[in-house]
Amino acid sequence: MHTLIVDDEPLARGELRYLLEKCDEITSISEADSVQDALSEILKQKPDLLFLDIHLTDESGLTLAEKVLQMKQPPLIIFATAYDEHAIQAFELNAIDYVLKPFEQPRIEQAVKRAANYFHRLKTDQQTDRPKIMDTIPIQMKDRIYIVKIDQIIVMGVLDGETTIHTNDRAYTTKEPLSTYEKRLRSDDFIRVHRSYIINQKYIKEIEPWFNHTYQVTMTNDLKIPVSRSYIKEFREKIGI
């Protein structure tokens with residue numbers, strides 16, 4: 001993949017270039033130090049991948065990402081920044097990954113591999129006219145940002161102002177509202193069953209009648225989730241009962 005590094009700090013660009021040159025997936029590297037310079041390089045060279053800083057001298061990297069997404073065939077974007085507070089906004093702009101400074105070789109390689117996998121899927125989708133759907137979501141917690149595969153999510157729930165996302169491997173708790181994640185669930189497998197719960201129907205183990213003509217759903221991780229009366233109709237239609 002031809003890659004463009006966009007950062008206004010020469011040392012940061014040099015460090016990232018050094019790490020990227022060790023990645024087999026990267027075929028060539030260019031650099032830009034401003035939004036205007038980056039736009040010019042993108043139009044001229046048509047890179048496959050951007051490593052984009054957020055705090056640039058002349059403008060925000062987020063603004064550049066918004067402009068790039070208006071292009072017919074935009075490059076993939078990995079944000080590479082010292083600040084973690086923009087992660088959710090970055091992923092709403094379809095970022096592939098969000099890497100924090102100081103950079104480390106294993107983390108850069110992980111991000112590049114993720115981009116390469118998605119890049120090859122895009123090529124396949126373009127050949128078969130299949131829609132391009134992101135298959136992961138970012139979850140911002142206190143210590144770091146986790147990238148979670150959507151098809152591994154069992155339940156999302158809210159309690160005491162915190163959202164907990166249960167997967168096959170573990171549970172993630174974040175301050176982000178449930179609605180933030182609900183917008184990113186494009187799969188028909190997910191069902192809102194309560195104002196506080198969204199479940200993945202692939203992981204339903206059993207359904208039992210509950211109070212006032214409602215249901216209680218037991219998931220494969222043994223969590224018991226109520227289906228409220230407001231969502232009974234949609235639940236029955238999706239499940240087919």
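Which strands and which helix each supply at least two residues of the lining of the second largest pocket? The legends below answer this and describe further close-up views. This is a predicted model, in which local features need pLDDT of at least 70 and side-chain atom pairs count only at pLDDT 80 or more, while totals for chains, interfaces and linings use all residues. Residues are numbered from 1 along each chain as its sequence is written, and side-chain values use heavy atoms, with hydrogens and water left out.

**View 1. The second largest pocket has a volume of about 370 Å³.** Strand 5 (97-100), helix 5 (105-128) and strand 7 (145-149) each supply at least two residues of its lining. Helices (H or I, at least four residues) and strands (E, at least two) are DSSP runs, numbered from the N terminus. Of the 16 lining residues, Tyr98, Arg107, Gln110, Arg144 and Ile145 lie nearest the pocket centre. Strand 5 gives the most to this lining, with four residues. Sorted by class, the lining holds eight nonpolar, one polar and seven charged residues. Ala, Val, Leu, Ile, Met, Phe, Trp, Tyr, Cys and Pro count as nonpolar, Asp, Glu, Lys and Arg as charged, and the others, Gly among them, as polar. On a 1 Å grid over the protein atoms alone, a pocket is an open set of points with protein on both sides within 12 Å along at least five of seven lines, whereas a cavity is a set of points where a 1.4 Å probe fits but cannot get out; lining residues have an atom within 4 Å of a point. Grid points are joined across faces, edges and corners, and a volume is the space filled by probe spheres set on the points.

**View 2. The largest cavity holds about 40 Å³ of space.** It belongs to a count of two cavities of 30 Å³ or more. The elements that give two or more residues to its lining are helix 4 (87-92) and helix 6 (178-182), and helix 4 gives the most, with three residues. The lining consists of Ile88, Phe91, Glu92, Pro138, Thr180, Tyr181 and Arg184. Four of these residues are nonpolar, one is polar and two are charged.

**View 3. The second largest cavity has a volume of about 30 Å³.** Its lining is formed by Ile5, Val6, Asp7, Ala12, Arg13, Leu16, Phe51, Leu52, Asp53, Ala80 and Phe103. Two or more residues come from each of strand 1 (2-6), helix 1 (10-20) and strand 3 (49-52). Helix 1 gives the most to this lining, with three residues. Eight of the lining residues are nonpolar, none is polar and three are charged.

**View 4. Helix 2 (residues 35-45) and helix 3 (residues 61-68) have axes that come within 10 Å and cross at roughly 25 degrees.** Helix 2 is therefore roughly parallel to helix 3. Angles under 35 degrees count as roughly parallel, over 145 as roughly antiparallel, 65 to 115 as roughly perpendicular and the rest as oblique. Axes are lines fitted to C-alpha atoms, for helices over the stretch in contact, and angles run from 0 to 180 degrees between N-to-C directions. The crossing is right-handed, a term for a near helix turned clockwise from the far one by less than a right angle. Val35, Ala38, Leu39 and Ile42 of helix 2 meet Leu64, Lys67 and Val68 of helix 3, where contact means heavy atoms within 4.5 Å. This contact has six nonpolar, no polar and one charged residues.

**View 5. The peptide bond from Lys101 to Pro102 is cis, with omega near -5 degrees.** Pro102 lies in the loop between strand 5 and helix 5.
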